[in-house]
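Trainee: I have a model open and some questions about it. Can we go through them one at a time?

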Amino acid sequence: RKTRSNNEGNKMKKLDKIVSKHLGKAGDGSIVKPYVTPDRADKSLLVPVPRVLNREEYNINEDDLPFVGFDTWNCYEVSFLLDNGFPVSGVVKIVYPSDSECIVESKSLKLYLNSFNMHRFGNSLTRAIVKAKQMIEDDLRDALECDVDVWFHYDDENELPAAPIKGHFVRLESLIEQDDIEFVEYEEDPKILEHAPMLGFMPFQVTSSALRSNCRITNQPDWGDVYIHIEGEDCVTPESLMKYIVSMRKENHFHEEICECIFKRLRDILEDDTEILVACLYTRRGGIDINPIRATSQDLIDKIASTLVEADIPHRKTARQ
């Protein structure tokens with residue numbers, strides 16, 4: 001079992017206090033008062049969380065990130081009013097880069113978007129959508145201290161968007177003999193991964209539905225599909241990779257942190273020139289799904305997941321989502 005230094009423990013307490021604003025109990029143990037949805041959009045509800053508080057545990061240097069990437073959020077329960085009282089509903093897709101100072105805590109984003117429900121944005125559907133989109137973009141940019149791409153998808157059912165992940169990804173479960181493997185590790189440990197030469201096919205592209213982690217505050221489960229691309233002379237054994245993914249089952253972390261942890265562990269065990277991409281496509285909770293992606297290069301993201309990170313392209317949900 002992992003142990004933390006006093007310094008690390010203090011950082012985790014600070015992090016827990018930040019993200020507890022709208023979740024369960026406050027950092028001092030007191031009960032959070034019931035939340036009342038305001039009648040106008042309220043950006044003060046947004047809770048930014050410094051990324052550095054999560055990354056230091058995995059030796060990820062903020063000044064020299066080992067990856068590029070994005071966090072894509074699909075918000076399915078967004079609505080506001082026209083001046084005549086007519087409700088407009090749609091899906092908001094939010095994309096911001098992995099080098100931003102902060103992430104947004106998901107419950108705070110849900111409450112922020114709920115504050116739009118009775119807000120009147122104008123008498124024209126087109127103008128109102130543009131105004132609401134711009135407000136979300138501006139408020140998130142101020143909270144996260146980075147450029148944020150936002151798109152309000154209204155009536156996008158006429159054309160099925162492309163799959164979020166492209167390539168010949170095979171089920172990791174199909175590459176192993178599941179019945180012959182003993183799974184006993186349910187806490188993340190980089191020692192689980194076993195180095196191996198690249199298999200007979202390249203790139204090594206696998207996906208698995210075994211990914212489960214937990215909310216760091218409420219301990220509610222987060223379910224998702226993980227996509228992993230490895231290209232080069234180096235690889236890991238499918239059996240050890242499967243065990244490693246399963247080991248996330250008792251981890252309590254943000255979706256973004258799980259994705260970065262998997263990437264960093266692969267980066268540490270594989271040769272420096274190995275191309276790596278990790279995407280974690282989580283199912284929705286509270287009307288929002290979060291889809292972080294990390295890779296060794298922007299070109300790799302463009303090749304495999306361009307539709308995932310373009311805000312103006314509606315998200316095509318996976319079967320699990």
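Trainee: Is cysteine 75 buried or exposed?
Mentor: This is a predicted model, where local features need pLDDT of at least 70, side-chain atom pairs count only at pLDDT 80 or more, and totals for chains, interfaces and linings use all residues. Residues are numbered from 1 along each chain as its sequence is written, and side-chain values use heavy atoms, without hydrogens and water. Buried means under 20% relative accessible area, exposed over 50%, partly exposed in between (1.4 Å probe, protein chains only). Cysteine 75 has 1% relative accessibility, so it counts as buried.

Trainee: How many disulfides are there?
Mentor: A disulfide needs a pair of cysteine sulfur atoms within 2.5 Å. A search of the whole structure gives a count of zero.

Trainee: Is histidine 315 buried or exposed?
Mentor: Histidine 315 lies in the segment after helix H7 (298-305). Helices are DSSP runs (H or I, at least four residues), numbered from the N terminus. The relative accessibility of histidine 315 is 14%, so it is buried.

Trainee: Which side chain joins histidine 315 in a polar contact of 2.9 Å?
Mentor: A polar contact is a pair of N or O atoms within 3.5 Å; within protein, one must be able to donate a hydrogen and the other to accept it, and residues adjacent in sequence count only if both atoms are side-chain atoms. Leaving aside neighbours within four places in sequence, histidine 315 has contacts (heavy atoms within 4.5 Å) that include Asn74, Tyr76 and Asp289. Its 2.9 Å side-chain partner is glutamine 321.

Technical notes
Helices (H or I, at least four residues) and strands (E, at least two) are DSSP runs, numbered from the N terminus.
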